[in-house]
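The exercises below are to be worked with the sequence and the coordinates side by side. Each task is followed by a solution in steps.

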Amino acid sequence: MRTLEGLSIERPATLVGAVELLADGGQPLAGGTDLVVRLRQSESRPRRLVYLGRIPELRALSVEEGSAEIGAAVSHAEILSSPLAARLPILRQALSTIGGPAIRAMGTLGGNVANASPAADGLIPLYLLDAQVRLAGLTGEREIPLSSFVRGPGAIDLRSGELIRSLMLPFPAGTPLSYFRKVGRRRALVIAVASLGALVWETQGKIAQARVALGSVAPTVLRPAHVERALVGRELHAGSLEDLAELLSEETRPIDDLRATAAYRRQVAGSLLVDMAETLSNQE
Amino acid sequence: MRLEFELNGRRTVVNIPPGRRLLDLLREDLGLPGTKEGCGEGECGACTVLVNGQPTLACLALAAHVQGTAVCTVEGLAQAGELHPLQNAFIEHGAVQCGFCTPGLLMASYALLQKNPNPTRHEVREYLAGNLCRCTGYDQVIDAVLSAAKGQRCP
């Protein structure tokens, strides 16, 4: 473990100030829950960090008629205690499984996106909600879908001098049922072996539409298109989706690592779909 | 950098490298070794302190994170020579064995009772999920927090 005392840390109070520092070679620092661990373990490190926690645009959380915008430096705990948590149960369900209370108070949603871990609990609801990433740079802003912003493990489409300003979440129509479960060695402070989140619209006992997102079973969070289509018209009750578990497993591309084997992840992903049917049928 | 913050109710000004961890600042520069370093990477909760009332891991927080904030450590719990009711409850319930996780558990429990003065057993378990104890187990800790909650509110 290395000391970080050679670092300089700028604390800009404006978006434009932050963008200029980043364009000049600075690296962004928000809650530090991942970055500080990584910096202390690595040989090479940036000379200058740019702390983003003082910038009003990045600290804002606003809820409009049909959508919400969450500033990149808003913490998970702040989102959980905001009115948005009641409006979007899937966001509450997923964010409340991140780390423990202290990690949730420090870590930010923008940091979760920037890290682009395939296991990120915070990304599952964002994929389900078809979130857009709002980016700010020296020459202006752009918005792109999260699913194209995230390229692979730790890889994002962020240009030099750009920063993640906020996440834009369009509210889903109607009142879908929502499901989130992550499987790991214990419930708190774990990185998922596999996780599954879903939004399910049901009419007259049958699924009218479904969105499914899987974590830790591919290089990025995955929306299994075949399974989403196959769910339409199906009933929700214990055991009702057992035949789709294999189809779901086929859509995954997991790896072996220290937490689990690829085969186990594939199997767990299928089991989570079966569990979803039972859990949601009890919820109605 | 010139760092100015409130520490256990006292205005504190130090000149330190901005990458200095809050943990090292507290333990080494300011003589408050109550906050412990367990894992040093945010997995164990032994270094939990409060920053503006929020539970915070001092091993992951840099000096730059606490500029202008109010920080409360385990040394700030006792007032005027009297242990805090949570500390007394930990003693009464035998919620301590080696004691290394205790400051972090106390601070996390304190943060919980500030937010939720009457937690259920389940809520206490959920809130302390980020604090690991490797010797005695958690039941005595949970009993202590529940009894402190029943006894009185945090000052």
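**Exercise 1.** Leaving aside its neighbours within four places in sequence, with which residues is Leu167(A) in contact?

Solution. This is a predicted model, in which local features need pLDDT of at least 70 and side-chain atom pairs count only at pLDDT 80 or more, while totals for chains, interfaces and linings use all residues. Residues are numbered from 1 along each chain as its sequence is written, and chains are lettered from A and ligands numbered from 1 in the order in which they are written. Two residues are in contact if their C-beta atoms, placed from the backbone, lie within 7 Å. Under that criterion, the partners of Leu167(A) are Ile70(A), Leu109(A), Val113(A), Leu126(A), Ala131(A) and Val133(A).

**Exercise 2.** Describe how chain B meets chain A.

Solution. Begin with the count: 24 residues of chain B are in contact with 24 residues of chain A. Next, assign them to elements (helices, H or I, of at least four residues and strands, E, of at least two are DSSP runs, numbered from the N terminus): β4 (54–57) and α2 (63–66) of chain B each supply at least two residues of the side that touches chain A, and β4(B) gives the largest share, four residues.

**Exercise 3.** Locate the domains of chain A and characterise the contact between domain 1 and domain 2.

Solution. The assignment, which is automatic or taken from a database, gives domain 1 (8–51), domain 2 (57–170) and domain 3 (177–283). The centres of domain 1 and domain 2 of chain A, taken over C-alpha atoms, are separated by 18 Å. Finally, 11 residues of domain 1 of chain A are in contact with 16 residues of domain 2 of chain A, and helix α1 (residues 15–23) of chain A gives the most to the domain 1 side, with five residues.
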